[in-house]
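Colleague: I would like to learn how to read pockets and cores in a model. Could you take me through one?

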Amino acid sequence: MKMVETLEDFYTERFSAVPTNLKSEIGHFNVFKFDDLAGCSIKPIPYSRRGYYKISLIQGRNKVHFSDKTIEIKKQALLFANPQIPYNWEQIGKNQNGFSCVFTESFFHHFGNPKNYSVFHPEGLPILELSDKQVKWAIQVFSEMLTEWTSDHKHKYDKMRVSVFELLYNTEKLIPVASIRKNATNASQKITTQFLELLERQFPVEDVGTLRLRSASDFAEKLSVHVNHLNKALKGVVNKSTSVIIQERILVESKILLKYTNKDISEIAFALGFKETTHFHNFFKKQTKITPSQFRTD
């Protein structure tokens, strides 16, 4: 099993080309019909974790292998995939139709958090079988998303965010209360939650002045755990190291500050905890392949 399928892997495999602005975006979003995928309506999906979120409307008989479960879709269903849980699906029948949208958590920065919904929880219900009436609603939502996404409307990104939450909100209403289970409460999950809350509490940096916790050891000390224990917990739950998660969050904040404020790059570097502007420059270029100045003027 491949450990993690990145967005780059997804686009290379499914579309034979990676979007040119993928590295320079603050957060990523895309929506498409299965018919848009290269080669056939739906290719076999390898069993692996994804480095992104996905919501799919699947029409046709399929088997979905999700974590340690196998769920059969007899006719039509919504599938909610998140970076924590590996999955794949295999088609059983020939008639396969549907839609998918893919997105990163940072696409919803300051707009709510999709992972708060139970369908994205490790112990939640990731697949919801739909009635014929319900599938018409889901088709309408996805069709509107696709129409707006391919338009030139300047606020289409907000429309995509609203549509995703519409899918999540209405799906949550369809799930029987008894089926909504809370997040796993094991030690690794608890440490991961505490770490992510502590990390997020430092943003936006305009409110806190400058980052105080920037390294894995900083967070481990604050959480009163050994750094190796913290790293092992995060690897087990989100399949990323402590340092990678911190760097990814700092990168998102740096893009926001570059695009949406008039702060000097040196001020941004200081606010994000870099001792020298050149250190920030090197960090940003390593992550995005372009300089902070180039990103700001794009």
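Colleague: Which helices each supply at least two residues of the lining of the largest pocket?

Modeller: Rolling a probe the size of a water molecule over the atoms shows where empty space is left. Here H1 (7-15), H4, H8 and H10 each supply at least two lining residues of the largest pocket. A pocket is an open set of points on a 1 Å grid over the protein atoms alone, with protein on both sides within 12 Å along at least five of seven lines, and lining residues have an atom within 4 Å of a point. Helices are DSSP runs of H or I, at least four residues, and strands are E runs of at least two. This is a predicted model, where local features need pLDDT of at least 70 and side-chain atom pairs 80 or more, while totals for chains, interfaces and linings use all residues. Numbering starts from 1 along each chain, and side-chain values use heavy atoms, without hydrogens or water.

Colleague: Which helix gives the most to that lining?

Modeller: H8, with eight residues. Of the 49 residues lining the largest pocket, Thr104, Glu105, Ser106, Lys240 and Glu248 lie nearest its centre. H8 also makes the largest share of the second largest pocket's lining, three residues.

Colleague: Which residues have the most contacts inside the largest nonpolar core?

Modeller: In soluble globular proteins, nonpolar side chains tend to be buried together. Phe195, Phe219, Leu230, Leu272 and Phe280 have the most contacts within this core of 36 residues. Such a core joins buried (under 20% relative accessible area, 1.4 Å probe, protein chains only) Ala, Val, Leu, Ile, Met, Phe, Trp, Tyr and Cys residues through side-chain atoms within 4.5 Å. H8 (242-260) is among the helices that each supply at least two residues, and gives the most, eight.

Definitions and conventions: Buried means under 20% relative accessible area, exposed over 50%, partly exposed in between (1.4 Å probe, protein chains only). On a 1 Å grid over the protein atoms alone, a cavity is a set of points where a 1.4 Å probe fits but cannot get out, and a pocket is an open set with protein on both sides within 12 Å along at least five of seven lines; lining residues have an atom within 4 Å of a point.
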